[in-house]
Amino acid sequence: MSGLLAIFGNMQLWASTLSLSVPLVLPALGGTFSERTGVVNIAMEGIMLIGAFFAVFFSSLTMNPWVGLLGAVVAGGIMAVIFAWAAIRLRSDQVIIGMAVNIFASGLTAYLLNTIFGFGGTPVNTPMLPHLNWPWLGRIPVLGPLLNDQSILVYITLLLVVAGHFFLFHTRLGLRMRAVGENPEAADTAGINVYRIRYLGVLISGFLSALAGAYLSIGVLNSFEVDMTNGRGYIALAAMIFGRWTPFGSFGAALLFGFASALSMPLQSSVAAKNLVQMLPYVVTILALIGVGGKSVAPAADGVPYEAEK
Amino acid sequence: MGTPAAQGSKTANQPPILELQHITKRFPGVVANDDVSLDFRPGEIHAILGENGAGKTTLMNIIYGLYHPDEGQVFMEGRPLNLEGPHAAIAHGIGMVHQHFMLIPVLTVAENIVLGSEPPGFRFDIRRAAAEVKKISEAYHLEIDPWAKVGDLTVGLQQRVEILKAFYRRARVLILDEPTAVLTPSEIEDLFQIMARLKADGIAIAFISHKLDEVMQVADRITIMRRGRVVRTLLPTETNPQELANLMVGREVVLQVKKSPYRPGPVLVDVQNLVVADEHNYPRVNGVSFQIRRGEILGLAGVDGNGQRELIEAIVGLRPVRSGKVLFAGRDITGLSPRQVSRAGISYIPQDRQGDGLVLNFTVAENLILKDYNGPQIARRGRIDFRRVRERAQRLVGQYGVAPPNPSLLAGNLSGGNQQKVILAREMGLAPEFLIAAQPTRGLDVGAIEYIHKRLLELRDQGKAILLFSLELEEILSLSDEIAVIYKGQIMDIVPGDKATREGLGLLMLGARKSA
């Protein structure tokens, strides 16, 4: 018992829950926007990877992590537009196109890593995004150790969740996005440009995924490794479903998955079956997806291409 | 009844607000609209009457900017319109209530109504939207709760939301595409009241329908379309339903069913004390018993939702039977699988022809073999013989007059009437001894209804048994030899068809015992 108390009472566990959640929260939020407009964006995994690579690339090139972040978002945005064009205009199967993007991203980033940086990997002097350390924040009990000394992207993520909720549920554009994902024909007859709204949804998911990728490569580390996203794009989709396609829900679910990851670290040292403990985040994902905690209903037109009459 | 039409004449001399000139629209293989010219006047209900597939909906979609005409021009108050999309039509004061509602069930009434034309600003001001919806609903006397979720509303109220959507956008021309198809009789009366009020407010109404009596009741002018062309424009005072039906179909139509005398044979179907539950385990059929003889049509009358669906699905094996028995030709078929039931000689026309009757993404030919694709007529050693599939399809499509007569079209591309003919062809093609027809003519036009009624009576005269479930009392009365009235999952009474009256059945349908 005292061992468990030591684990759960340690603020480090909760702080790392938050930092491990960020690369899930951002794409889960992104997926919420994409799927709310009716596009299943499984390509977020690949877009994240591209974001991660170009963040390091531009950061090391200019020795400025902010340029790295911008480069990541632009590269991720380009990838998202290509995906969106195939999924929306060409009406290709969204899951297949998404998988293609993921395989492409994995190959492209591995190739670029080797051709640009060689076998030594990315430069060790690649600058990282800053961690924020406010002494006044650190002195607040509980909240201080939890929130202080995190990457700046952690704070940005928290802001984006709130902004995302406001945008989706309290703006005209948000209403239109939700309408398009439920019944694109109805939106079309109400004079809404369905394609434009769907591009917007996918683009937002691309930006947020790229941001998550940059967080992995220049937020918590300062290097890029092959396939470093390690399925987080998919887990984020699970978080989004578990969170019922809402920003706060996705955030909560991503936190749960982040907690499972954070928990597996101290448990590994205290429990014998190390490999079993490492499975924890994935077990939680599966449990969430098979409907523990109620059935969730997807947007009615999620994943269905739309073709306007001529 | 009939009063709204009388008020029309005073506005009939006004200049038209909307005019169509020489509209032609072609789709691959079909001319949907062929040189159509029409006009709509303020304060007038102009009915467009025609069978399914006559091109009415295509024409309205052109007015609403969903389709672009290949030739011709639309004018609004004398000025040519360039309708490159619904937003352009909306901007010019054209509103449309589609046959399949364009609503989003998970959103509120207010959100649905203002969608696409929300109060200005980046933020969505839901309170202001609700207030504006409230104002409009009061101005047009269309009571509605702006905060209700559309998915929770009845069909009639959903239609009201659609109408309000048009007026929120300041529509001066309102297109109603088959608005009565989904409504109950009392909702239809409400709608006609609403239409009369809108007319008095100077709205031009385009009323698309294939129901003769409704058109006669509400229209100020009637235009009949057939095969994409305008056949004639008439005033209701100078015509009658028989003439309209003939013009619509293009030949002499029999509105009254001709039925040979009832010659009952031995009992073929014997349902005993059947109890069936719905998917929530709630009992919907509570001890139903009836018999059907050879050469008999048993009509199952009742208000929708009194266990008809569950009863029929239990007989054909789609739903488990809790207790009771179904005997068919002396054999107990209770609890058999749908395939076994079908093999036993029972055919089934489901009420949802698109959901349960057909695979819309399959061709007509493929749909025609759904029940016996693995049977000896079609398959050989486990392989489908497509030569035989084509032969059967050609034969049945010709025999049942499916239009267009092309078996390789997707079933989803046919009109409702022709979809029903495909189902009929498949089910009759199995040479059933017992046919269950659930709402076989729902949503169909006069020509198709006449055809299906004829086929059902033929089957009866061949000595087969038929169970006919219909919500249309007229249909039950004109076809049935015996009429069973179901109420809350129980048979209230079984009365001979020739002794039944509308009033008597109506009382039984509402649960009043022993008065037919």
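Predicted model: local features only at pLDDT ≥ 70, side-chain atom pairs only at ≥ 80, totals over all residues.

Visitor: Which residues in domain 1 of chain B lose the most area to domain 2 of chain B?

Guide: Those are B:Ile90, B:Ile194 and B:Arg197, which together make up 32% of what the domain 1 side buries.

Visitor: How many salt bridges between the two domains?

Guide: The count is zero between domain 1 of chain B and domain 2 of chain B. Polar contacts do turn up across that interface: four residue pairs, both residues at pLDDT 80 or more.

Visitor: Which elements give two or more residues to the domain 1 side?

Guide: Two elements of chain B, β7 (173-177) and α7 (185-200). The largest share of that side, five residues, is from α7(B).

Visitor: And by class, what does the domain 1 side have?

Guide: Ten nonpolar residues, four charged and one polar.

Visitor: Stepping back, how is chain B divided?

Guide: Into domain 1 (4-93 + 172-249), domain 2 (103-170) and domain 3 (267-345 + 432-509). The contact discussed above takes 15 residues from domain 1 of chain B and 13 residues from domain 2 of chain B.

Visitor: How far apart are the C-alpha centres of domain 1 and domain 2 of chain B?

Guide: Those centres lie 25 Å apart.

Key. Residues numbered from 1 in each chain as written. Chains lettered and ligands numbered in written order. Heavy atoms only, no water. Domains from an automatic or database assignment. Contact = heavy atoms within 4.5 Å. Buried area = accessible area lost by both parts, 1.4 Å probe. Salt bridge = Lys/Arg side-chain N within 4 Å of Asp/Glu carboxyl O. Polar contact = N/O pair within 3.5 Å; in protein donor to acceptor, adjacent residues only side chain to side chain. Helix = DSSP H or I, 4+ residues; strand = E, 2+ residues; numbered from the N terminus. Nonpolar A, V, L, I, M, F, W, Y, C, P; charged D, E, K, R; others polar.
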